Amino acid sequence: MKKEVWYKQCTLVFAVEGKKTETVAWIPEHLAVVGKSIYFGKKTDKQPDKLWLVESVGNSRISGEYLLAHERDYKVQREASDI
């Protein structure tokens, strides 16, 4: 039986040369720790060029199954809400 993966919504920041980039993403719960550095991309032998820092972690969590089933809902939101 496959183990359920849970996700938490986090605020992530990337700072370079005094400029700060911020984004919000759902990441696996085991990585959702304030102060943890995360690299998004393929694993390579060299040092990653862009490490994101977990700045804050939300209280709620959702299952990976639900997240995958609803990741593209925004594409039909306007169609569903326009009068």
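Q: How many aromatic pairs does the count come to in this predicted model?
A: The model is predicted. Rings pair if their centres lie within 6.5 Å. By this rule the count comes to 1 aromatic pair.

Q: Is the pair formed by Phe14 and Trp52 stacked, edge-to-face or tilted?
A: The ring centres of Phe14 and Trp52 are 5.6 Å apart, with 45 degrees between the planes. Planes under 30 degrees apart count as stacked, and over 60 as edge-to-face.

Q: How many residues apart in sequence are the parts that the pair of Phe14 and Trp52 ties together?
A: Phe14 belongs to strand 1, residues 6–16. Trp52 belongs to strand 4, residues 51–63. The pair therefore links parts of the chain whose separation in sequence is 38 residues.

Q: Are Phe14 and Trp52 buried or exposed?
A: The cut-off for burial is a relative accessible area under 20%. Phe14 and Trp52 both fall in that class. Both are buried.

Q: Which residue lies over the face of Phe14?
A: A charge sits over a ring if NZ of Lys or CZ of Arg is within 6 Å of the ring centre and within 35 degrees of the ring normal. The residue over Phe14 is placed at 5.0 Å from the ring centre. That residue is Lys50.

Q: At what distance from the ring centre of Trp6 does Arg61 lie?
A: Arg61 lies over the face of Trp6. The distance limit for such a contact is 6 Å. For Arg61 and the ring centre of Trp6, the value is 4.0 Å.

Q: Which helix gives the largest share of the lining of the largest pocket?
A: The largest pocket holds about 190 Å³ of space. Its lining is made up of Lys2, Lys3, Glu4, Val5, Tyr7, Gly64, Glu65, Leu67 and Leu68. The largest share is 4 residues, and they come from helix 1 (residues 64–70).

Q: How many residues of the lining of the largest pocket are charged?
A: The lining includes Lys2, Lys3, Glu4 and Glu65. Asp, Glu, Lys and Arg count as charged. The lining divides into 4 nonpolar, 1 polar and, for the charged class, 4.

Q: Is Tyr39 buried, partly exposed or exposed?
A: Tyr39 lies in strand 3, residues 37–39. Its relative accessibility is 32%. Buried means under 20% and exposed over 50%. Tyr39 therefore counts as partly exposed.

Q: How far apart in space are Tyr39 and Trp52, C-alpha to C-alpha?
A: Tyr39 and Trp52 are 13 residues apart in sequence. Their C-alpha separation in space is 6.2 Å.

Q: Which loop holds Glu17?
A: Phi of Glu17 is near 50 degrees, a positive value in a residue other than glycine. Glu17 counts as exposed at 79% relative accessibility. Its place is in the loop between strand 1 and strand 2.

Q: How far apart in space are Asp49 and Tyr39, C-alpha to C-alpha?
A: Asp49 sits in the loop between strand 3 and strand 4. Its relative accessible area of 67% makes Asp49 exposed. Asp49 and Tyr39 are 10 residues apart in sequence, and in space 8.5 Å.

Technical notes: Residues numbered from 1 in each chain as written. Predicted model: local features only at pLDDT ≥ 70, side-chain atom pairs only at ≥ 80, totals over all residues. Heavy atoms only, no water. Phe/Tyr/Trp six-rings, centres within 6.5 Å; stacked < 30°, edge-to-face > 60°. Helix = DSSP H or I, 4+ residues; strand = E, 2+ residues; numbered from the N terminus. Buried < 20%, exposed > 50% of the residue type's maximum accessible area, 1.4 Å probe, protein only. 1 Å grid on protein atoms, 1.4 Å probe; cavity = no way out; pocket = protein on both sides within 12 Å on 5 of 7 lines; lining within 4 Å. Points joined across faces, edges and corners; volume = space filled by probe spheres on them.
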